[in-house]
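Please look through the sequence and the model shown here before reading on. The report that comes after them is meant for a reader who is new to this structure.

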Amino acid sequence: MNMDAKARKALGVIQECVAAKRYIVLPHFVQRMDRRGFFWADVLAVIDSPGDVRHDGRDRFDRPKWIVSGETIDGLGVELVCTIDRDDRGNLTVFITIY
């Protein structure tokens, strides 16, 4: 895996958010998971051991957007699109879509 320092930091924040249950899964993400036959374990596999993490600009709410790509537990390639937000309790990851 070849990531720059910003991507490594973003991945660390995303991993910490998931571990602390500080995330939101948008309905579109759930619909895409259902359509593709993915499970939450697949998402966790990609977050735990990504092949790549890259910055994808900012979303419409001006939050930094990241694409985390890797393989599911069955070896299927997948990309997760998420943003990192912050509220009064700290960092929060918002899962936007999966493909």
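The model is predicted, and local features need pLDDT of at least 70, side-chain atom pairs count only at pLDDT 80 or more, while totals for chains, interfaces and linings use all residues. Residues are numbered from 1 along each chain as its sequence is written, and side-chain values use heavy atoms, with hydrogens and water left out.

**Helix 1 and helix 3**

Helices (H or I, at least four residues) and strands (E, at least two) are DSSP runs, numbered from the N terminus. The axes of helix 1 (residues 5-19) and helix 3 (residues 40-48) come within 10 Å of each other and cross at roughly 145°, where axes are lines fitted to C-alpha atoms, for helices over the stretch in contact, and angles run from 0 to 180 degrees between N-to-C directions. The contact, meaning heavy atoms within 4.5 Å, is made by Leu-11, Ile-14, Gln-15 and Val-18 of helix 1 together with Leu-44, Ile-47 and Asp-48 of helix 3.

Buried means under 20% relative accessible area, exposed over 50%, and partly exposed in between (1.4 Å probe, protein chains only). In helix 3 the buried residues are Asp-42, Val-43, Ala-45, Val-46 and Ile-47, and what covers them includes helix 1, helix 2 (27-36), strand 3, strand 4 (77-87) and strand 5.

**The aromatic residues**

How many aromatic pairs does a search of the whole structure find? The search finds four, a pair being rings of Phe, Tyr and Trp (its six-membered ring) whose centres lie within 6.5 Å, with planes under 30 degrees apart counted as stacked, over 60 as edge-to-face and the rest as tilted. Two of these pairs are set out in the table.

| Pair | Arrangement | Centre to centre | Angle between planes |
|---|---|---|---|
| Tyr-23 and Trp-40 | stacked | 5.2 Å | 20° |
| Trp-40 and Phe-95 | edge-to-face | 5.7 Å | 85° |

Tyr-23 lies in strand 1 (residues 23-25) and Trp-40 in helix 3, so their pair ties together parts that are 17 residues apart in sequence. The pair of Trp-40 in helix 3 with Phe-95 in strand 5 links distant parts of the chain, 55 residues apart. Tyr-23 is partly exposed, with a relative accessible area of 27%, and Trp-40 also counts as partly exposed, at 26% relative accessibility, whereas Phe-95 counts as buried because its relative accessibility is 0%. Tyr-23, Phe-29, Trp-40 and Phe-95 form one aromatic cluster.

**Thr-97**

Thr-97 lies in strand 5 (residues 90-98) and counts as buried, at 13% relative accessibility. The side chains of Thr-97 and His-28 are joined by a polar contact of 3.0 Å, a term for a pair of N or O atoms within 3.5 Å of which, within protein, one must be able to donate a hydrogen and the other to accept it, and residues adjacent in sequence count only if both atoms are side-chain atoms. Leaving out residues up to four places away in sequence, Thr-97 touches His-28, Phe-29, Arg-32, Glu-79, Leu-80 and Val-81.

**Two loop residues**

Most residues other than glycine have a negative phi. Lys-21, although not a glycine, has a positive phi of about 60°; Lys-21 is found in the loop between helix 1 and strand 1 and counts as exposed, at 67% relative accessibility. Asp-62, which is not a glycine either, has a positive phi of about 65° and is placed in the loop between strand 2 (52-58) and strand 3 (64-71).
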